[in-house]
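Below is a briefing on one chain, grouped by topic. Please look over the sequence and the structure before reading on.

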Amino acid sequence: MTESAAEAKRFYITTPIYYPSANLHIGHAYCTVMADTMVRYKRMQGYETYFLTGSDEHGQKIERVAKAQGVTPIEYTDKIVATFQALWKRLLISNDDFIRTTQPRHMEVVQKIFQTIYDKGDIYKSEYEGHYCTPCETFFTERQLVDGNCPDCGRPTELIKEESYFFKMSKYQDQLLQYIEDHPDFIQPATRRNEMISFIKQGLEDLCISRTTFDWGIPVPIDDKHVIYVWFDALTNYISALGYGTDHDELYQKFWPADIHLVGKDIARFHAIIWPCILMAAGLPLPKQVFGHGWVLLNSGKMSKSKGNVVDPNVLLDKYGVDAIRYFLLREISTGSDGYYSEEALVKRINTDLANDFGNLISRTVAMIDKYFEGTVPATATEPASEFDAELKELALTVGNEAAAYLEKMDFPNALAAIWKLISRANKYIDETAPWVLAKDEQKKAALGTVLYNLMECIRISTILLSPFMPLVPGKVAEQTGQALEGRTWADGCQWGGVEIGVKVCKKEAIFPRIDPKSLDMPKENAKVATPAPTASKEEKVATEGKAEIAYDDFAKLDLRVVEVLECSKVEKADKLLQFKLKMGDEIRTVVSGIAKFYENPEELVGKKLVLVANLAPKKIRGIVSHGMLLSAATDDDSLLEVLQVAKADIPSGSTVS
């Protein structure tokens, strides 16, 4: 094989490197499962693959969180990153490498790229004054803000003025637009591509790429008073993990440029604009594709660690198993669009698709082979068993190619839907051929054998095609069918006639048992809405269920004030309590609130404008005098809670709420 032919069979895919401000949620799992499924599919096609994920560990946000917890940044990140790696292991993520931006191998490459671009004249020192969002680790201009807040997360920004190094990103605006025009698949899906083009045409500004107000980062190689801006640092991971710029750059030479950078839509701009401009300045090839997937949403909105409304994948894995969770994420959510998660939808998918369709097909087929052929897989006769055989076989020979076509476009739901065509058709085939009727006539024994062989063949093909999506399924199906299903190629799933006859089947419990939703304690995704009581008469209204009515004078007794959070931390030896230091006009208040479980990183509330019941009598809680009560909204089952925030940043603390 020539080198060019070998290169054509290589595939490099990356996930974002996740930020360890808290444990990961189901949205992070969704992205990583997609990448894993894609790389498993490519391996089945004979590609030499490389799959990278990791953690982005520098920046002001990490430094602040670690300080609030009384540990060093590396102690904090070590602990959180260990949970990342444990989750990937549970989800059967088959990554080849896990890059950490605190590793020397990464830091050296970041400094090398910085030096290369500086030597080219595309980095200069100046003074920066602008709006910085610490949670997003991103600078914004005045015109980019939305109502004075970060356009990405909606939180207030900080006005920062400091000496910084700048990257001449504006210099590469036209070159990047031309590249996108010449490479229509570079940014996918099309909606992301259009968003990026629109953003670039508004005009790219030079990028601030260093900070001096904190030191948790990679030092600028020419000026140790500065640390390199976290995004310039983080994006370089895609080549530092391959050994770029070192004496051991074999992986870089083999796999760069990456085939797919898979990222959430909220960070698509960094990967589709900033990263390509950095690569252009460094004289390096651009990745072949940046794919910006949508968010996993709850009915209450986007999952947020600070809101406390995240879904923990570990809890779901404990309840439902890895294959079911992977299947739901890949089948339920359209890859380029936002999708909704609820446990009710998850259970419905498990019951309908996995238990009723796929699991039942296996159970029925194995049971009939056990009953009618003493548990031995029969041979197929030379003659068709029914008028439906040809249609079944024709479909079986097409689903692999159809699913592959969708996978090449990262369209996981439709790839699974294509495979399910065969599973559904096989179940229908059972009803059409009625094996239990054929079994009553000894003359039709050969036809019965053909029917069961055909069903076994459909199970074999669908199981092989499902293996990138649900890696444990081949082993489980093999235990019951006696077929060798693990480690097969994609081509094995596109051919008819691979069933091994004469092997023993083994009846076991269903691979995907049906779940009774009533037996589960599932959290409600929405707060309950009280139903109005029936009207007693046209003249008389009956109040809805709730607390007793009050007069306006009662309400007027409340002194509700806007307060600004100056400090927020967990109360020592009290898992449920947060201690706030609040600014109310010229007064400083201390308030203790039992909402710690909803705010894993309480420091994220610093700078927020909240609403306080200011004239509540002081009360001592755990030795702390708490003067007032913060207002919050919560679901009836207390599964979600969020403190009420004042959206307008220019409303001063101490203002009256009425």
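The buried residues of H19 are Val473, Pro474, Gly475, Val477, Ala478, Gln480 and Thr481. Here buried means under 20% relative accessible area, exposed over 50%, and partly exposed in between, with a 1.4 Å probe and protein chains only. Helices (H or I, at least four residues) and strands (E, at least two) are DSSP runs, numbered from the N terminus.

This is a predicted model, in which local features need pLDDT of at least 70 and side-chain atom pairs count only at pLDDT 80 or more, while totals for chains, interfaces and linings use all residues. Residues are numbered from 1 along each chain as its sequence is written, and side-chain values use heavy atoms, with hydrogens and water left out.

- Helix H19 covers residues 473-481 and is mostly covered, with 7 of its 9 residues buried.
- Its buried residues pack against helix H13 (322-332), helix H14 (343-372) and H18.
- After H19 comes Gly482, which has a positive phi near 80 degrees.

**Helix H18**

- Helix H18, residues 445-466, has 22 residues and reaches 31 Å from its first C-alpha to its last.
- That span is close to the 32 Å expected at 1.5 Å a residue; the expected span is 1.5 Å times one less than the number of residues.
- H18 is largely enclosed by the rest of the structure, because 20 of its 22 residues are buried.

**Whole chain**

- The chain has 20 helices and 26 strands.
- Its C-alpha trace spans about 95 × 80 × 45 Å along the principal axes.
- Of the 658 residues in the chain, 53% are buried.
- Among contacts (heavy atoms within 4.5 Å) with a separation of 6 or more, 75% are between residues 24 or more positions apart.
- The accessible surface comes to about 29,600 Å², and 50% of that belongs to carbon and sulfur atoms; areas come from the Shrake-Rupley method with a 1.4 Å probe, and for residues only the protein chains shown count as cover.

**Strand S17 and its partners**

- Two strands pair if DSSP finds at least two bridges between them.
- Strand S17 (residues 560-570) pairs with strand S20 (residues 609-613) in the antiparallel sense over 5 bridges, and Val563 has Leu610 in S20 as its bridge partner.
- S17 also pairs with strand S18 (residues 578-584), antiparallel over 6 bridges; Glu564 stands opposite Lys583 in S18.
- Strand S26 (residues 656-657) is joined to S17 by 2 bridges, and the two run antiparallel; Arg561 stands opposite Thr656 in S26.

- Strand S4 (residues 123-133) and strand S6 (residues 158-167) run antiparallel and are joined by 10 bridges.
- Across this pairing, Glu129 stands opposite Lys161 in S6.

**Aromatic pairs**

- The structure holds 18 aromatic pairs; rings of Phe, Tyr and Trp (its six-membered ring) pair if their centres lie within 6.5 Å, with planes under 30 degrees apart counted as stacked, over 60 as edge-to-face and the rest as tilted.
- Tyr124 and Phe166 are stacked, because their ring centres are 5.6 Å apart and their planes are at 15 degrees.
- This pair links distant parts of the chain, with Tyr124 in strand S4 and Phe166 in strand S6, 42 residues apart.
- Tyr124 is partly exposed at 29% relative accessible area, whereas Phe166 is buried at 8%.
- Phe167 and Tyr172 form a stacked pair, 6.1 Å centre to centre with 25 degrees between the planes.
- Phe167 is buried at 0% relative accessible area, and Tyr172 is buried at 3%.
- One aromatic cluster is formed by Tyr12, Tyr50, Tyr238, Phe255, Trp256 and Trp275.

**Cysteines**

- A search of the whole structure finds 0 disulfides, a disulfide being a pair of cysteine sulfur atoms within 2.5 Å.
- The sulfur of Cys208 has its closest cysteine sulfur in Cys133, 15 Å away, which is too far for a bond.
- Cys208 is buried, with a relative accessible area of 3%.
- Cys494 is in no disulfide either, and the nearest cysteine sulfur, that of Cys458, is 14 Å away.
- Cys494 is buried, at 16% relative accessible area.
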